[in-house]
Amino acid sequence: MSEKLALHGGPPIRKEFLPYGRQWINDDDIKAVTDVLKTDWITQGPKVVEFEKKVADYSNTKYAVAFSSGTAALHAAAYVAGITNGDEVITTPITFAADGNCVLFTGGTVKFADIKKDTYNIDPKKIKEQITKKTKALIPVDYTGQPCDINEINEIAEKNNLTVIEDASHAIGAEYKNKKVGGLTDLTVFSFHPVKTITTGEGGMALTNNEELYEKLQIFRTHGITRDTKKLQKNEGAWYYEMQTLGYNYRITDFQCALGISQLKKIDNFIKKRRDIATKYNEAFESLDEIITPYEKKDVKSTYHIYMIQLDLGDLKANRKTIFDAFRAENIGVHVHYIPLHLQPYYRERFGYKKGDFPIAEAYYNKALTLPLFPKMKDEDVNDVIEAVEKVISYYQK
Ligand SMILES: *Cc1c(COP(=O)(O)O)cnc(C)c1O
């Protein structure tokens, strides 16, 4: 009798745990990877170039540089944006740690601007309030796959001579005013972590329409070293290379990019499935007062990287933690995105951020719950989640 018991002391809705996100790898993906493993190229080779070209084309952007992770791509973007000691960069508090960390890697200081109540994306009005003489760049995030207010943000950047690095880790394939993200800002970053829209295991990419930024991204990925004879200060022979700046080893492998190329063929179907599941959830939860479903702006198309609800518990005899634990007891892998970055111990201790600094973000966090959503989910999985939501809510109504 080791079976875990759920809310009513009965068996959980699901026997097996349903995670909030998961990759979808098929035999064609596996073949693409093993084909490359049979060649001479194990690290960076022709598949990297092919993947970059395909993602750039898909995203209507001139240039793309693939990296070993989305975080590495963000670090490279922060570097080529020229962020350095003493510069300030404004990002959203509702995001993953990498958006602040990439600024710290370059010696910059992280500032935050609060989010909007409807989309939970960074609020352009709040960005304006945070700008000082030291501000160098903005890092908005297309949170949950919904593009941020790109036009407003670009306008602020232009007026104040700032670089925009759009963290589109959630949003490859998302649309803003009928245009795909990528190339709508100075630099756009994608992540190919397994929970993201397409995966390379670990991996990321930085995109730009600016040739100079593109060349800097490439050099940063490989130790700051160039072999391009047009760029060398001198040339001592065919072996000769120069390290012209400080860079890293942020390369991605050819077999990872083969996986990426194979995954990219399916991206539109992946996004369609994500959107279909989101629609089903929206319809199922419409009648529940306790659940505020995500809002999608009219002029964007979200990729629904995550399906995040806000709990409005009112008179319910529960809080977010009891609700979270109840879902987990049903084997429904709910999650919480994200703990406000300014409240992480490192940011509090280093910069003195405290509770109350970004009230909309904090209120958002207190009510947030992410439900499972990934393209490989079957109808039964989606129905299990809906059933669990109804079960948990009605249990605490009593
Ligand atoms: C996943 C993610 C990243 C980092 O991507 P990795 O590929 O895991 O390094 C950055 N920002 C956001 C918002 C993310 O969700």
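Visitor: How many bridges join β6 to β13?
Guide: β6 and β13 are joined by 2 bridges, and they run antiparallel. Strands here are DSSP runs of E, at least two residues long; helices are runs of H or I, at least four, and numbering starts at the N terminus. Two strands pair if DSSP finds at least two bridges between them.

Visitor: Predicted or experimental?
Guide: This is a predicted model: local features need pLDDT of at least 70, side-chain atom pairs count only at pLDDT 80 or more, and totals for chains, interfaces and linings use all residues. Residues are numbered from 1 along each chain as its sequence is written, and side-chain values use heavy atoms, leaving out hydrogens and water.

Visitor: Back to β13. What stands opposite K301 there?
Guide: E175 does.

Visitor: And what order does that open sheet have?
Guide: The order is β7-β6-β13, 3 strands with antiparallel pairing. β7 and β13 (300–301) are the edge strands, and each pairs on one side only.

Visitor: Where is K177?
Guide: K177 is in the loop between β6 (175–176) and β7 (179–180). Its phi is positive, about 50°, although K177 is not a glycine.

Visitor: Other sheet. Which order does β12 belong to?
Guide: β12-β14-β15, an open sheet of 3 strands, again antiparallel.

Visitor: Why is one side of β12 and of β15 left without a neighbour?
Guide: β12 (291–292) and β15 (368–371) stand at the sheet's edges with a single partner strand each, so one side of each has no neighbour in the sheet.

Visitor: How many bridges between β12 and β14?
Guide: 2 bridges, in the antiparallel sense, with β14 spanning residues 307–311.

Visitor: Now the ligand. Which residues come nearest?
Guide: G70, T71, D167, H170 and K196, out of 15 residues around the ligand. Near means a heavy atom of the residue within 4 Å.

Visitor: What are the classes in that shell?
Guide: The shell has 4 nonpolar, 8 polar and 3 charged residues. Ala, Val, Leu, Ile, Met, Phe, Trp, Tyr, Cys and Pro count as nonpolar, Asp, Glu, Lys and Arg as charged, and the others, Gly among them, as polar.

Visitor: Which side chains have a polar atom by a ligand nitrogen atom?
Guide: D167 has one at 2.7 Å from a ligand nitrogen atom. S169 has one at 3.5 Å from a ligand nitrogen atom.

Visitor: And where is Y338 in this?
Guide: A polar side-chain atom of Y338 lies 3.2 Å from a ligand oxygen atom. The protein covers 93% of the 380 Å² of accessible area that the ligand has on its own (Shrake-Rupley, 1.4 Å probe).

Visitor: Which elements give two or more residues to the shell?
Guide: α3 (70–80) and α4 (98–105). α3 has the largest share, 3 residues.

Visitor: Cis or trans, the bond from H337 to Y338?
Guide: That peptide bond is cis, with omega near -20°. Y338 is in the loop between α10 (320–329) and α11 (345–351).

Conventions
A polar contact is a pair of N or O atoms within 3.5 Å; within protein, one must be able to donate a hydrogen and the other to accept it, and residues adjacent in sequence count only if both atoms are side-chain atoms.
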